[in-house]
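This report looks at charged contacts and at open space in one protein. The structure comes first, and the description follows.

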Amino acid sequence: MEWKNEVNENQKRGTEAVGSEINENPERGTEAVGSEEALDKKEKEGEQIREFGQLTLEDSGNRSRIHLLTIIGEIEGHENLSANTKTTKYEHVLPQLAALEESPEIDGLLILLNTVGGDVEAGLAIAEMIASLSKPTVSLVLGGGHSIGVPLAVAADYSFIVETGTMLLHPVRMNGTILGVPQTYDYFKRIQDRITGFISSHSRISQERLEELMMETGKMTKDMGTILVGKEAVDEGLIDSLGGIREALEYLRSRLKDTGYE
């Protein structure tokens, strides 16, 4: 009788252990799925930063989602630059901007710039896309926003520059064979008018003053143009305000609140 009771009790304990394990497994399964989803999200974010220099910033308190776009190095045009050159590729940026405009999950755009300039056509194409977005946009010049980087900086609804940030304004340049005929210089002037017209229409600087700064001969020893540092860019009306990442995010979130995106 004692042996039978022991067998019965062992069977009972085994049944209870199996039952408790069955009850715990759903919770463990849910936790495992949640951790895998979080890991996948981090991996996707890491890949997005490596490949495109982009990231989505989430503010759980205000429930706003801000897309971060970095424009760095040289703006690449229709020809690939060398593998040693850091570039921003328009074929990456343009589809991302189009997707951002249509995405209900993204409320605003923050653009970080540290660029030496690059291809005029590609730079203007990106600038026009940024300017035509319906969602609030803010740009922040870090390091440099030179040459065709200037239209990219002013394309946003509001622009910031750090105190040590620089912006280089210069006449249009062209590489390769150039014909020494009047039509070539007319073509240069038309390209330059497109750039200065866009900048003046998206900032507080006049087109005439902009051309004066571009044609300046006493600021650089081996080139024509003007370098504006931090506050100088604000005083000239090229950039809206001095500030860093904190000010840029605060302004963008205030715009999101005012426009009802939060």
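Arg246 is exposed, with 56% relative accessible area (buried means under 20%, exposed over 50%, partly exposed in between, with a 1.4 Å probe and protein chains only). Its salt-bridge partner is Glu247, with 3.1 Å between the closest N and O atoms; a salt bridge here is a side-chain nitrogen of Lys or Arg within 4 Å of a carboxyl oxygen of Asp or Glu. Glu247 is partly exposed, at 26% relative accessibility.

The model is predicted: local features need pLDDT of at least 70 and side-chain atom pairs count only at pLDDT 80 or more, while totals for chains, interfaces and linings use all residues. Residues are numbered from 1 along each chain as its sequence is written, and side-chain values use heavy atoms, with hydrogens and water left out.

Over the whole structure, the search finds 9 salt bridges. Three of these pairs are listed here.

| Pair | N to O distance |
|---|---|
| Lys189 and Asp193 | 2.8 Å |
| Lys231 and Asp235 | 3.1 Å |
| Arg246 and Glu247 | 3.1 Å |

Lys189 and Asp193 are about one helical turn from each other because they sit 4 residues apart in helix 5. Helices (H or I, at least four residues) and strands (E, at least two) are DSSP runs, numbered from the N terminus. Lys189 is partly exposed at 43% relative accessibility, and Asp193 is partly exposed at 28%. Helix 7 (residues 231-235) holds both Lys231 and Asp235, again 4 residues apart, or about one turn of the helix. Asp235 is exposed, at 54% relative accessibility.

The largest pocket holds about 850 Å³ of space. A pocket is an open set of points on a 1 Å grid over the protein atoms alone, where a 1.4 Å probe fits, with protein on both sides within 12 Å along at least five of seven lines; lining residues have an atom within 4 Å of a point. The volume is the space filled by probe spheres set on the points, which are joined across faces, edges and corners. Its lining has 29 residues, and Gly118, Asp119, Val120, Arg173 and Asn175 are the closest to the pocket centre. Elements giving two or more residues to this lining include strand 2 (64-76), strand 4 (108-118) and helix 3 (120-131). Helix 5 gives the most, with 4 residues. By class, the lining has 16 nonpolar, 7 polar and 6 charged residues (Ala, Val, Leu, Ile, Met, Phe, Trp, Tyr, Cys and Pro count as nonpolar, Asp, Glu, Lys and Arg as charged, and the others, Gly among them, as polar).
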